[in-house]
Amino acid sequence: MVNVAILGYGVVGSGVAEVLTENANQIGRKAEEDIRLKYILDVRAFPDSPFASRFVQDFSVIENDPDVDIVVETIGGAKVAKEFTERALKAGKSVVTSNKELVAEHGYDLLQLAEANGVSYLFEASVGGGIPIIRPLNQCLAANEIEEICGILNGTTNYILTRMIRAGLTFEAALKEAQQNGYAEQDPTADIEGHDACRKICILSSLAFGRHIYPKQVDTQGITKITLADVAYAESCGCKIKLLGRAIRLEGGQLCAYVAPHLVHGENPLAGVEDVFNAITVKGNAVGDVMFYGRGAGKRPTASAVVADVVDAAKHRKTKKYLHWGPGAEDAVAPAGGLESGWYVRAEAGAEAVRSAFGEVSLLARAGAPGGETAFLTGAMSGPALEEKLAKLGGAHFALRVLD
Ligand code: HSE
């Protein structure tokens, strides 16, 4: 018998309790042992819950119970969650989490702590919700040097962009709709400013490239400045606007990692990923391109990934299951500006001025464009080279990378 305690009975924690109970037979078969939900920690009381008798409010009950083998941390954030994770690991319990903020900021230290205490720290649910990506990167693609990871890593922003493209809603209206549907938080900053996608590309990069990549090392741009004009110009050249997290191995071993909205050509499979779905493409030097697609958020998809880790932790109680990467370094990440790409530019300038600053470009058109607005696609150039030309052009402008 393996005993589990869940910390935090929010959307994900309650989903884990539900799936563990509902699929107990299947889960027990896979784990080769029965898995019992012994405790749920929450400051709130849930007298009507089917799990009412298992609630505790004091973490030390779980910490000091030698029968608890696995702690599921679904509190979120990097404060209390960090303290409880450290205490659980030190108490010899494996920890499973969906907490991307904690893993992105402190993953290296927590993995070290787990190893020192002979237990596992697993976080399949921290990236891509229900999509299997951590385990495939770590195991199934282990034979490869990973050359690039590129993905739609945030469901809320993908929903907002989809509604702007499909229904012609403004960013503000689409955000409101996402909040009404329960996708976006009341404070949507982490999603719409790209911080959530940044944490996820940090975790994938750390795992794939072998050293801790911190969120502060990753240039991050959200979707708040995208307008319906940009959506229309993108459509005019067969593209969709998508918020992408990218990590690219450069010659010399440095990594280029960043989060930004891109124009994605219609034939690229990422262009067809809509609503709250996520998709991640991985390029390995042996396997080539692999793509992972599915529900990147939500109660039961995320619980599905958490419970898979519970099963893995249960099966590895004797031979431990370690994920591993090395410490971070200040020079581990190269500035994203150095990466050359084509660019989409919308500028307050005439076509002649654009040609004089940029040379030959592909001009774009949209219905209802005001006089003095010119939008165009450039050839491949770095961020600083683009800035230089934009400075020469003068006036207001907005630019996005085009995904090769
Ligand atoms: N806020 C996140 C999203 C939840 O919208 O993708 C899943 O990490």
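This is a predicted model: local features need pLDDT of at least 70, side-chain atom pairs count only at pLDDT 80 or more; totals for chains, interfaces and linings use all residues.
Local features need pLDDT of at least 70 and side-chain atom pairs count only at pLDDT 80 or more, while totals for chains, interfaces and linings use all residues. Residues are numbered from 1 along each chain as its sequence is written, and side-chain values use heavy atoms, without hydrogens and water.

On a 1 Å grid over the protein atoms alone, a cavity is a set of points where a 1.4 Å probe fits but cannot get out, a pocket is an open set with protein on both sides within 12 Å along at least five of seven lines, and lining residues have an atom within 4 Å of a point. A volume is the space filled by probe spheres set on the points, which are joined across faces, edges and corners.

| Space | Volume |
|---|---|
| Largest cavity | about 60 Å³ |
| Largest pocket | about 1,100 Å³ |
| Second largest pocket | about 340 Å³ |

Residues lining the largest cavity include Phe123, Arg135 and Asp309; because domain 1 (2-130 + 299-315) and domain 2 (134-295) both contribute to this lining, the cavity lies between them, with domain bounds taken from an automatic or database domain assignment.

The largest pocket is lined by 39 residues, of which Val12, Lys100, Glu185, Asp196 and Ala297 lie nearest its centre, and domain 1 and domain 2 both give residues to its lining, so this pocket too lies between them.

The second largest pocket has 19 lining residues, with Gln221, Trp343, Glu387, Ala399 and Arg401 nearest its centre, and it lies between domain 2 (134-295) and domain 3 (340-402) because both give residues to the lining.
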